[in-house]
Amino acid sequence: MKAEVKYISSGVNQTPRCFSWGNEFVAYVADTRVLLYDPKSTSVVGTSPRVHTQKIQCVRWVKSTSTMKKMLITTGFDSKTVVWTISDEKIEGLYTLEPISVLDHEDSVSMADSAVVTSEDSEKILIVTVMMDIVCCWTVCPTSGENNCVCTFTAPGRTFILSLLLFEVEEAKYPLLLCGGHDSRIHIFSCSELGYYTPIAALNGHEDWVTSLDIMLEASGSKDATVRLWRFSTLKTIDESAEKIAEENKILKLRSVEFQIAAATEGEDLTMSVLLDAILAGHEGLVSEVYWARSVVVNDVKQQPYKLLSCSKTQDRSIIMWEPEEGTEMSSGIWLETARLGEVGGNMEGYFACQFNHDSSQVLGCSYQGGLHLWEFEEGMWNPCVVVGGHFKEVADIVWDPLGRYLLSTSKDQTTRLHAAWKMSGDESIWHEVGRPQVHGYDMTCICSLGSFKFASGAEEKVVREFSAPANTIRNFGQICGENIEDDIAKCEVGEGASVPSLGLSNKAVLMSDIEDDKKTGDENKEEVLAYFKPVSLTSPPTEDQLLQNTLWPEAAKLYGHGNDLMALASTSDGAIIASSCKATQEADANIILWEVKTWRQLQDLPKHRLTVTQMEFSPDDKYLLSVSRDRTWTIFKREALENEQGIVYKFSDFSKQKDTAHSRVIWSCAWLADSMHFVTASRDKSVAVWKQNDEKWTRISVLTESDEVTAVATIEVDSNLEQDTSIHLVATGLVNGSINIRRYNTNDAAFSEEVLQVFHKHHSTVKRLRFRPGSPDSKVPPVLAACSEDNGVHLYEILV
């Protein structure tokens, strides 16, 4: 067996310096991993193994030379700085980031920057890291990974450092170090011996924290809502000052800061001068990043475009592009706002980061909700483009559409997202987030499918909510994914779209008649519910703005009955009945409630468990309901018809007695085999058990022991032989450490295969749920396994049996 990663979805960590755009790939941090995103293929093409044990705070590409591999550095809350290189070949369809050096610190490392220097006739990577007010200088060998902490020092006045930049000066021996602090100053450090930096000057002007630095003209962004441009120049003689140069050019005199640094030539020092060049005011609050356009080579000539990006993470929610006024010289200091990118409306904070690509034709930003926003300059306008994304907090549950056309995921980031394959030219298709049916006010915990384009979800609010897709969403799904949706459109009865009213939690339907009336009456008497929904026609996955506003599904019903936060949901194959459970510390709260979807009424309570029911599954033929619990037992409820009355009930049939149960710890997960005569349970005690029905009783026939606690299990039939009454199933197990293992199980032999497929690109944290894509064993399409985890990720693996 082999596995190939078809899709990785994860949002960006909500920190400054959360992504870095190299010449080819964008590296962005998602929980404890680094993902490589290729804007050309609009997909994730690489990922890192678990080296960081806590969330990553910063990622930066190393400006490597022609003799070095592509490298990047990351810093995290786990007191580590890691230097990575990229594998030459793909494994399971993805490039792998390989750690070549790990720099251990005494505290959380908030940021780092690097430069390649030549020392003792060999290339070394100079890395500067920051822990609050402490700066560490390291050297790393790019081939062996050997590292050395050269020097540790504190900023003047024990300033908390909020921004960092290594600045390479032509003809200087080593790069300058610039640090922006909470004291509103930019501190300049130089060194004559590699890594031993000392303070030589400070730039005053900002009125609040200096939060970002970048160099071309040196640009600084601040909490005082301004961007300041500083001109660094090398003076020919010590007597020559920037003030004299400015006077000769009849420019307003500003006081310059002058200092000397070690030159590359022995015995000589360079004299440098820094002069304030311009103050750019366009933001309403803290400037979270400034970024210069990089130089480009045109006809073998290096050219430097004078373009600057700045963004704010406050409520002005904008990315501003600055350029010198047309027809003026750079030295005039006249800079104008040439474009403003971002979102309009809403009450979320803005952008943590923004960067140009290598030729300044695209701009990438990262928003407060962990979403990436990409714009491309075409025909004189900046147009939004397709970009990767995903949840930015723990993904709690996933469920497939009954036909396997899409996957729904729900998360503690309070959203439910729809993932599907975007059909591009020819037979090529790439998985993307194509809808966001639910944006809620509570952390989501569970989800189940109720049929085509219908689902129910539960959150930490005691209420089960049911949703149905509107017509606009179904049409766009058909256009994006190349699916036949005529039957789904014909059955749609919930309107054209949905929107969330102000101060509301429920998605309200928007009818076509409301939209037509709104067009006639204009803005007067406009219904509040129409404020954010606009009908759109899409042939490619929606942008982040469209996902938030135009892909919601109307809410059809709320089901009240539980007294605590919801824990698990399950539904019959036809979506007619929902089973729900909630957190329970006593037997009275551990009841399972069954709901009839057609009438939205409560059918019955199913008492048996004493503690929280962690997961439930109806058998494929809907004859049985299986539940597993924190009380270390499983229970089977059997479906029966009511006497002299239409309807059905589920009655207690069997349960695992404490003395003969296979599990000694909480049972986290369960799954049925396709014949509805076998089921599998997975427990915290590291065991996986298979149970078979014999004379209305269920007995254990196989036990498997994993290397760690088992938190998720899923099965699918891949081969069957009716004549021999045997079938082969794949059994996938997810572990607390993020590992996913896949084995064959033969029902005739009641045994697992010795061959184990251990997924290489595994999750970095507890696997919360595994689900195989619905399909028949006779299908020529390989099985697809969906997985979700506490590491914010949703993964799809194609299994080649």
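This is a predicted model: local features need pLDDT of at least 70, side-chain atom pairs count only at pLDDT 80 or more; totals for chains, interfaces and linings use all residues.
Begin by selecting Ser10, which you will find in the loop between strand E1 (2-9) and strand E2 (19-21). With a relative accessibility of 2%, Ser10 counts as buried, because the cut-off for that word is under 20%. If you now show what surrounds Ser10, leaving aside its neighbours within four places in sequence, the residues in contact with Ser10 include Tyr28, Ala30 and Leu35, as well as Gly389, Gly390 and His391.

Select Trp400 together with Trp431, an edge-to-face pair whose centres are 6.1 Å apart and whose planes stand at 85°. Trp400 belongs to strand E33 (residues 395-400) and Trp431 to strand E36 (residues 429-439), so this pair ties together parts that are 31 residues apart in sequence. Both are buried, Trp400 with a relative accessible area of 6% and Trp431 with one of 10%.

Then select Tyr406 and Phe453, whose ring centres lie 5.3 Å apart with planes at 35°, so that this pair is tilted. Tyr406 is in strand E34 (residues 406-411), while Phe453 is in the loop between strand E37 (444-449) and strand E38 (454-459), and the two are 47 residues apart. Tyr406 and Phe453 are both buried.

Finish with two lysines: Lys223 lies over the face of Trp209, at 4.0 Å from the ring centre, and Lys608 lies over the face of Phe652, at 4.8 Å from the ring centre.

Note on methods. Residues are numbered from 1 along each chain as its sequence is written. Side-chain values use heavy atoms; hydrogens and water are left out. Helices (H or I, at least four residues) and strands (E, at least two) are DSSP runs, numbered from the N terminus. Buried means under 20% relative accessible area, exposed over 50%, partly exposed in between (1.4 Å probe, protein chains only). Contact means heavy atoms within 4.5 Å. Rings of Phe, Tyr and Trp (its six-membered ring) pair if their centres lie within 6.5 Å; planes under 30 degrees apart count as stacked, over 60 as edge-to-face and the rest as tilted. A charge sits over a ring if NZ of Lys or CZ of Arg is within 6 Å of the ring centre and within 35 degrees of the ring normal.
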